[in-house]
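Dear colleague,

Please find below the structure for your review. A summary of the findings follows it.

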Amino acid sequence: MTTNSPDYRPIQALPDHLISQIAAGEVVERPSAVVKEVLENALDAGATTITIRLEEGGVKRIAICDNGRGIPPEQLPLAVARHATSKISSLTELENVATLGFRGEALASIASVSLLTLTTRTADGPHAWQIEAGKISPASGAIGTTVDVQDLYYNTPARRKFLKSEQTEFGHCAEVVRRIALARPDVSFSLTHNGKAVDHWNVSAIDKRSAQILGDAFSSARLPLDESAGPLRVHGFVGLPTASRGRADAQFFYVNGRFVRDKLLTHAVRAAYQDVLHGDRYPSYVLALDLDPALVDVNVHPSKIEVRFRDSRAVHQFVFHAVSRALAQTSATAFGTVPAPATAASASAIMSGKTPWIAGEQTTFASQFNTPSPYTNGSQANYSGGQNYNNFGGRTEQGVAQRLQSYGAFFSGSNAQNTNNNNPNPIGVAPQVNTSSLPDDDHPLGFALAQLHGVYVLAQNSKGLVLVDMHAAHERILYEQLKNALDENAMPVQPMLIPITFYADAIEVGTVEEHQDTLKTLGFDMAAISPTTLAVRAVPALLKNADAQSLARDVLREVREFGGSRVLIDRRNELLGTLACHTAVRANRSLTVPEMNALLRQMEHTERADQCNHGRPTWVQLGMNDLDKMFLRGQ
């Protein structure tokens with residue numbers, strides 16, 4: 001570029017004020033960014049009580065008062081200077097940041113685009129001091145700091161035009177307060193807008209704080225989580241799949257106390273839910289990851305909303321497995337009461353530590369079923385005219401098969417005489433159960449009473465009535481068994497006595513020839529017997545009762561579309577869910593009482609049995625109190 005060009009300008013240093021305004025474009029994106037920066041400073045100063053007052057969505061005024069350590073008067077000029085901070089002083093400290101704020105540019109950026117007044121007092125100060133427009137003067141005030149920001153963007157009107165409505169801007173500010181309040185239940189927060197109280201949270205435990213902020217829908221359908229591995233610890237709550245949402249607006253993840261939107265962490269949690277939450281639904285969770293500050297870089301984003309881990313794969317796997325293990329507890333025995341969404345009473349019991357797995361006594365209830373129950377017949381049973389739920393490819397669970405006479409001891413009166421295998425109930429109605437004798441620990445789902453419209457199983461336990469969606473429950477059972485067999489590389493295979501043949505196009509025939517290894521891993525033996533004909537010679541034993549042709553076509557469609565390796569990795573769960581749905585017992589299918597009880601026993605053995613593969617509940621409990629209320633008994 002020549003010097004006589006009209007656009008030519010010599011290189012020159014920018015004025016400090018302009019530099020601050022440019023920085024404000026990154027730091028002070030909107031009023032909520034001011035709230036975030038000032039709140040983080042208050043927490044770093046050790047505040048235990050914080051009051052936030054907003055006017056006109058924070059555009060007219062943001063006043064945040066804390067009871068922290070305060071700032072000595074001689075340091076006030078530096079407090080509002082660019083890149084001045086007490087939180088780091090060397091590269092080593094920058095690489096081990098243990099505070100929320102550390103860049104030293106927040107107050108300077110805010111002051112460059114607003115009218116800023118800072119009032120502060122230390123514990124040993126006789127009175128407060130105030131700095132406004134660079135002038136320091138004595139003031140009145142309690143111990144702590146008050147940051148008063150007025151007329152945001154008054155000197156940058158173009159910037160102000162990009163702000164949204166008052167209510168929208170206030171909503172963003174309130175969301176920031178909620179995020180920070182969730183992370184610090186040891187601090188009380190008060191929020192007012194235009195003189196009206198909006199939120200107030202006293203110091204409390206994290207379970208109560210999260211219930212206050214996220215509401216009863218989350219507090220009554222959440223699982224506590226607390227796991228450690230070496231320098232990593234993840235703790236908090238994950239919402240049950242049945243309490244999923246249509247938007248990702250109830251997902252809170254913190255790294256060393258800092259709220260982040262990290263793709264790696266979000267993917268780890270989402271992957272953990274893939275077994276129980278398919279489709280466009282989003283889980284709810286409040287999780288905190290604690291680790292050595294040296295293992296995470298928080299200085300990769302202007303607003304510190306993203307982080308970078310030194311060993312991202314290890315962090316991803318740790319979070320994924322921790323959340324997966326928590327969700328795996330959602331079996332039919334996990335709570336011993338009602339599946340999610342749980343009642344307020346059951347949630348209270350969980351949070352008070354009354355459930356054994358929260359108290360640390362055990363992390364799985366599978367151990368309860370390692371030996372045959374005295375109330376069940378441990379041998380394998382077969383019932384003509386119906387599907388045998390406990391025989392999936394020879395993988396028989398002890399205590400699952402339930403003959404009628406095996407629980408006849410729990411039937412009262414003359415009805416017990418009818419509980420023999422020679423005279424099965426033809427309409428699927430069981431005799432009356434003596435609830436006082438029910439072994440609740442061994443069989444929390446109780447025993448079958450009847451089948452409703454070929455869709456639901458009605459069972460009776462000591463608490464009252466249990467309703468089971470038989471197709472959804474059986475689908476989950478099959479899915480978990482398929483998944484375990486594939487994980488163990490031991491998929492049981494059922495050879496066809498007579499191979500099933502069907503017409504296939506050239507692409508399907510080519511898929512079979514090209515992906516034989518993938519098909520065999522999944523338990524399928526298929527071969528082309530002509531250019532237009534395929535033969536299915538074996539299927540997974542777990543799916544032996546399904547339509548072989550439909551199974552084959554679904555598998556070939558997945559392999560053809562996504563490729564063999566991706567089907568076994570990325571698409572595995574979707575494919576196994578589809579296969580399980582093929583074999584799961586269908587609606588309007590009449591079950592005998594032994595079959596219904598076998599299904600209940602299998603549910604008690606199966607992880608994640610509280611939800612089907614799509615996140616819907618598989619069973620609900622109606623207690624006697626619930627039933628009494630329905631019929632106004634005792635009122």
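Not counting residues up to four places away in sequence, Ser-204 touches Pro-185, Asp-186, Arg-209 and Gln-212, where contact means heavy atoms within 4.5 Å. This is a predicted model, in which local features need pLDDT of at least 70, side-chain atom pairs count only at pLDDT 80 or more, and totals for chains, interfaces and linings use all residues. Residues are numbered from 1 along each chain as its sequence is written, and side-chain values use heavy atoms, with hydrogens and water left out.

Ser-204 lies in the loop between β8 (196-201) and α8; helices (H or I, at least four residues) and strands (E, at least two) are DSSP runs, numbered from the N terminus. Ser-204 counts as buried because its relative accessibility is 18% (buried: under 20% relative accessible area; exposed: over 50%; partly exposed: in between; 1.4 Å probe, protein chains only). In helix α8 (residues 206-214), the buried residues are Asp-207, Arg-209, Ser-210, Ala-211, Ile-213 and Leu-214.

Turning to the strands, six of the eight residues of β10 (residues 232-239) are buried. Strand β9 (residues 222-229) runs antiparallel to β10 and is joined to it by eight bridges; two strands pair if DSSP finds at least two bridges between them. Pro-224 is opposite Phe-237 of β10. Two residues separate β9 and β10 in a hairpin, and Gly-230 in the turn has a positive phi of about 60°. Strand β13 (residues 285-290) is also antiparallel to β10, with six bridges between them; Arg-233 has Asp-290 in β13 as its bridge partner.

Yours sincerely
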